[in-house]
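Open your viewer, load the model, and keep the selection tool at hand. We will go from the whole chain down to single side chains.

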Amino acid sequence: MNDNISGWNTWTRAIEDWNDVSISELHGLMTGLMTACSAPDEAGWATVLEELSFAPLPDEALTLLTEEGEDTVFQLKDKDDAYAYTPLVPDDEHDLYERVMALKQWANGFMTGFGITDCRLSKDENEILTDLAKIGAIRLEDGEDFEGGEESYLHLFEFARMVPVMFATRTRKPIKELALISGLALDAKTTKEREMEAKQSTPMTFIDVMNQNNPS
């Protein structure tokens, strides 16, 4: 699947000024959450990312993440559609090194996203995550050849692709039930909104103080 069809180029444009994690890691995190939770709205995603200590996503990227989360839940709920799920990584026009690193990042993102759902693991699921963690632990120097080349990468990609399918059979719970944000109001103002309000209120405060110091 090329970068235009997969959405890679769209994501690249949307988060070009946001560098907390890579596109693939964010997509993996989203997928991990969506295997166990219902898709949240933009406010829900903003709260989750804030509690994970990420900087606020640009508006376009937050909308994109919300829509992607909804699509992923819809896809994974259907047994036939689920098998078409694809991790968001660069297409085969990119260097193998870049693709391997993106798959590594996706795996780590999935581990984080699923990890904060606090779901109990079956023995088989635990083994699957153990194997996925091995992909997340891959280490390569910049430009270093990947052992096994394209064939090994495709094998790992296919395994990673099937992980959400195998994890998506459980009953999903609302994001607000996650221990990470339990007790937080999902409609509460985000850090970005609070900062904007602070900037807007500063001039008025300054004017009020000046008026008090200079009574007419």
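The stops below begin with the overall fold and end with individual residue pairs.

**Stop 1: the whole chain**

Please keep in mind that this is a predicted model. Colour the protein chain by secondary structure: there are 10 helices and zero strands. Read from the N terminus, the order of elements is α-α-α-α-α-α-α-α-α-α.

Now switch to a surface view. The protein chain exposes about 12,300 Å², and carbon and sulfur atoms supply 49% of that area. Of the 216 residues in the chain, 41% are buried. For contacts with a separation of 6 or more, 78% are between residues 24 or more positions apart.

**Stop 2: helix 9**

Select residues 149-167, which form helix 9. This helix has 19 residues, and a distance drawn from its first C-alpha to its last gives 28 Å, close to the 27 Å expected at 1.5 Å a residue.

Which residues of helix 9 are buried? Show the side chains of Tyr153, Phe157, Met162, Val163, Val165 and Phe167, which are among them. The buried set also includes Gly149, Ala160, Arg161 and Pro164.

Next, bring up the partners. The buried residues of helix 9 pack against helix 3 (23-34), helix 5 (59-77), helix 6 (79-82), helix 7 (96-115) and helix 8 (123-136).

**Stop 3: His27**

Move to helix 3 and select His27, which is found there. Is His27 buried or exposed? Its relative accessibility is 3%, so His27 counts as buried, the cut-off for that class being under 20%.

Now display what surrounds His27. Leaving aside residues up to four places away in sequence, His27 touches Glu68, Tyr85, Thr86, Pro87, Leu88 and Trp106. With Glu68 there is also a polar contact between the two side chains, at 3.1 Å.

**Stop 4: a salt bridge between helices**

The count of salt bridges comes to four, and we will visit some of them. Side chains of opposite charge can pair when their charged atoms come close.

Select Arg99 and Glu150: their side chains meet in a salt bridge, with an N to O distance of 2.6 Å. Arg99 belongs to helix 7 and Glu150 to helix 9, so this pair ties together parts that are 51 residues apart in sequence.

**Stop 5: salt bridges within a helix**

Stay on helix 9 and select Glu158 and Arg161. These residues form a salt bridge, their closest N and O atoms being 2.7 Å apart. Both lie in helix 9, three residues apart, or about one turn of the helix. Glu158 is partly exposed, at 36% relative accessibility, while Arg161 counts as buried at 13%.

Being three residues apart in helix 8, the two are separated by about one helical turn. Asp131 is partly exposed at 35% relative accessibility, and Lys134 is exposed, with a relative accessible area of 56%.

Note on methods: Residues are numbered from 1 along each chain as its sequence is written. This is a predicted model: local features need pLDDT of at least 70, side-chain atom pairs count only at pLDDT 80 or more; totals for chains, interfaces and linings use all residues. Side-chain values use heavy atoms; hydrogens and water are left out. Helices (H or I, at least four residues) and strands (E, at least two) are DSSP runs, numbered from the N terminus. Buried means under 20% relative accessible area, exposed over 50%, partly exposed in between (1.4 Å probe, protein chains only). Contact means heavy atoms within 4.5 Å. Accessible areas come from the Shrake-Rupley method with a 1.4 Å probe; for residues, only the protein chains shown count as cover. The expected span of a helix is 1.5 Å times one less than its number of residues. A polar contact is a pair of N or O atoms within 3.5 Å; within protein, one must be able to donate a hydrogen and the other to accept it, and residues adjacent in sequence count only if both atoms are side-chain atoms.
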